[in-house]
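This report goes through selected features of a two-chain model. Look at the sequence and the structure, then read on.

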Amino acid sequence: MKSINKHNGKVVPLDMVNIDTDQIIPKQFLKRIERTGFGKYLFYDWRFKSDGSINKDFILNQEKYKNCSILVTGDNFGSGSSREHAPWALNDYGIEIIIAPSFADIFYNNCFQNGILPIKLDKKIVKEIISKSKNENGYNLNIDLDSQLIWDDSEEISIKFDIEKFRKYCLLNGLDDIGLTLKKENKIQQFESTRSLTGGVVKK
Amino acid sequence: MTHNPKTLFDKIWEKHLVDENEGQPSILYVDLHMIHEVTSPQAFEGLRLAQRKVRRPDLTVAVADHAIPTWKGRNTISDPIAKQQVETLTKNCDEFGITLYDMYHENQGIVHVIGPDLGLTQPGKIIVCGDSHTSTNGAFGSFAIGIGTSEVEHVLATQTLRQFKPKTMNIHIEGSLPNGVTAKDLILGIIKHIGISGAVGHAIEYTGDAITNLSMEGRMTVCNMSIEAGGRAGMIAPDNKTINYLENKPFAPKGKDFEIAKKEWLDLRTDVGAKYDTKIIIDSNELEPFVTWGTNPGMVAPITGKIPNPKHTVDEDEKSSISKALEYMGLKPDTKIQDIQIDRVFIGSCTNSRIEDLEAAAAIVKNKKINPNVSAMVVPGSTLVKKIAEEKGLDKIFQDAGFEWREAGCSMCLGMNPDILSPKERCASTSNRNFEGRQGKDGRTHLVSPEMAAAAAISGHFIDIREL
Ligand code: SF4
């Protein structure tokens, strides 16, 4: 997995609450068996009209937000389906940081598995970032994961964010969870030797 | 009172701890890992790239359910990409030695329906699947959670899962369910009450007479939609109903083993005096037959109610959510729910496709005909449910009334197969998600109970099933 530490990028505001993973990546694109190439389907039903043409009203399609890498949005982002295709699509599109007052659990977890940093900030600050990114051209944010700081170029916004230590450590080092767990092989074996049989065995 | 009282969740968590370290997610052992064609191919690919094996193929079971067709006698998959996805699952299961129930197998069905069907789901287990509605299995007093594809790969490789311990939430229903209120209405009422992110970060335990009086199938309906309230998992303590349900199921323990298991299972309950992080009490008198009117499962109104008017909301976010939802749904504020006309009816999905659901719906359509403006289908949750339903003659009741009778699968719950709504079509659906485009681009979904869906199919609009 790729590591993240410092990031500077353009902000795109998606000023809505409860955006679910069915919107982030609609189901018709879940049939692919690869992890890559989902970016062109991100927010598909919002980005494109029924005839396949570009919906110029949708914020991601506006010139001003071209090449954005930081998505700022409302409460409960990523609710619904567990599809990891959602962070794959965001990542493939170029989004590396997502800022929201709150996230749905599975989505939040899936972000870390894919080198995306989801940042929870106070609603008031999120609203402020949203309005700045709407009003200014090329509004940028800087993020330093190691010191857990986020600030804009004018430093009108400058704030520390929370993140679990272990998650930070894994992102900073681009660590693969599976490799870490496999180092505990003896513990797993020990557990298996004491495991209750009513835990059930599938094969008959 | 026990010395150190614990919740049901805590007991299961502790029993499965392989390793824990301060500040890190705990490593938990997984008793049952279920996989399907949509969220597993990239996990197997990851294993192959890292030259890893599946640690416990004997604790893993795969099924094809999401992308397969459900038309009668299905024998091919016409969509080439869906076909490749199902073939990839078959190939992966062959290569890694995993039991697979493909679309021709008698054990096939929606992944969350077959676990209980086959007795794979058992109290006290940790059960995972790359699918958010895995919470269904919590109805048996297991800790059952949906995971992402990277975690599927992690479980395949290590048979463990890394998890930060969720908080616990008790949702207690005071009093018993009023007449004509189903398990589906109960969970819609809960989501209405706590909101779609009300349980984020929590494992929910449901308690109260209204819960224990439910059949196992009703309990599964409730636990199934825990995720729609943001919950990590939903669970209900096992009791004699749980035991009776599991006895003689193909994968349940047998004979003396069953007796031992039974004792263990009945001990799995929250101790008197144990503390939950959050406690919510809901008065059962709040509950009515419900219908969703918007684009998330928290947008719920009673059958006797009206579509909300955004004018009456002060919160700006909420105001714009309501307006946006009404625009998508093609509904006007203050319309009576009973005046909403529908075009399609879908009875199916892991929420409501078990035998009891089909019986309840059949009782309503028996000797009647569906409204000429409505097209309706029933998709049993599993091939076994389908078989039992046919033995009971339910297929005939539905078909005589004008319903299509399908093979088992996810079908129009998410429309990954050919079963989709056309733009602007309005559907009464027994599924669990009414998100934009869920059942087909620009399709309009109203979530309801099987009884309400059946009644709507006959009358062409929503009606109060208590007056039938
Ligand atoms: S029936 Fe619907 S919700 Fe259930 S597993 Fe299938 S697609 Fe998911």
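A residue counts as exposed when its relative accessible area is over 50%, and as buried when that value is under 20%. By that rule B:Lys369 is exposed, because its relative accessibility is 58%. The model is a predicted one.

**Loop residues of chain B**

B:Lys369 sits in the loop that runs between helix H12 (355-365) and strand E16 (375-378) of chain B. Leaving aside residues up to four places away in sequence, B:Lys369 touches B:Asp400, B:Ala401 and B:Ile458. With B:Asp400 there is a polar contact: the side chain of B:Lys369 reaches the backbone oxygen of B:Asp400 at 2.6 Å. B:Leu468 is 99 residues away from B:Lys369 along the chain, and their C-alpha atoms are separated by 15 Å.

Is B:Asp419 buried or exposed? B:Asp419 counts as buried, because its relative accessibility is 6%. This residue also lies in a loop, between strand E17 (404-405) and E18 of chain B. The side chain of B:Asp419 makes a polar contact with the side chain of B:Arg406 at 3.1 Å. B:Arg406 is also on the list of residues that B:Asp419 touches, together with B:Thr70, B:Met377, B:Ser411 and B:Met412. That list does not count residues up to four places away in sequence.

Phi of B:Asp334 is positive although the residue is not glycine. B:Asp442 is likewise not a glycine and has a positive phi. The table sets out their values.

| Residue | Phi | Relative accessibility | Loop of chain B |
|---|---|---|---|
| B:Asp442 | about 65 degrees | 27%, partly exposed | between strand E18 (426-429) and strand E19 (444-447) |

**A helix of chain A**

Now to chain A. Helix H5 covers residues 123-135, 13 residues in all. From its first C-alpha to its last, H5(A) reaches 18 Å, close to the 18 Å expected at 1.5 Å a residue.

Which residues of H5(A) are buried? They are A:Ile125, A:Val126, A:Ile129, A:Ile130, A:Lys132 and A:Ser133. Seen down the axis of H5(A), these buried residues fall within an arc of 165 degrees, so they line one face of the helix. A:Lys124 and A:Asn135 are exposed on the other side of H5(A).

What do the buried residues of H5(A) pack against? Their partners are strands of chain A: E1 (6-14), E2 (70-73), E3 (97-100), E5 (140-144), E6 (149-152) and E7 (158-160).

**Where the chains meet**

The size of an interface is often given as the accessible area lost when the parts come together. Between chain A and chain B the buried area is about 5,800 Å². Carbon and sulfur atoms give 53% of it. Chain A brings 61 residues to the contact, and chain B brings 82 residues.

The interface of chain A and chain B holds 12 salt bridges. One salt bridge joins A:Glu192 and B:Arg55, with the closest N and O atoms 2.8 Å apart. On the side of chain A that touches chain B, the elements giving two or more residues are helices. Among them are H3 (85-93), H4 (105-113), H5 and H8 (185-194) of chain A.

Notes
Residues are numbered from 1 along each chain as its sequence is written. Chains are lettered from A and ligands numbered from 1 in the order in which they are written. This is a predicted model: local features need pLDDT of at least 70, side-chain atom pairs count only at pLDDT 80 or more; totals for chains, interfaces and linings use all residues. Side-chain values use heavy atoms; hydrogens and water are left out. Helices (H or I, at least four residues) and strands (E, at least two) are DSSP runs, numbered from the N terminus. The expected span of a helix is 1.5 Å times one less than its number of residues. Buried means under 20% relative accessible area, exposed over 50%, partly exposed in between (1.4 Å probe, protein chains only). The arc is that of the directions from the helix axis to the C-beta atoms. Contact means heavy atoms within 4.5 Å. Buried area is the accessible area (1.4 Å probe) that two parts lose on being put together, summed over both. A salt bridge is a side-chain nitrogen of Lys or Arg within 4 Å of a carboxyl oxygen of Asp or Glu. A polar contact is a pair of N or O atoms within 3.5 Å; within protein, one must be able to donate a hydrogen and the other to accept it, and residues adjacent in sequence count only if both atoms are side-chain atoms.
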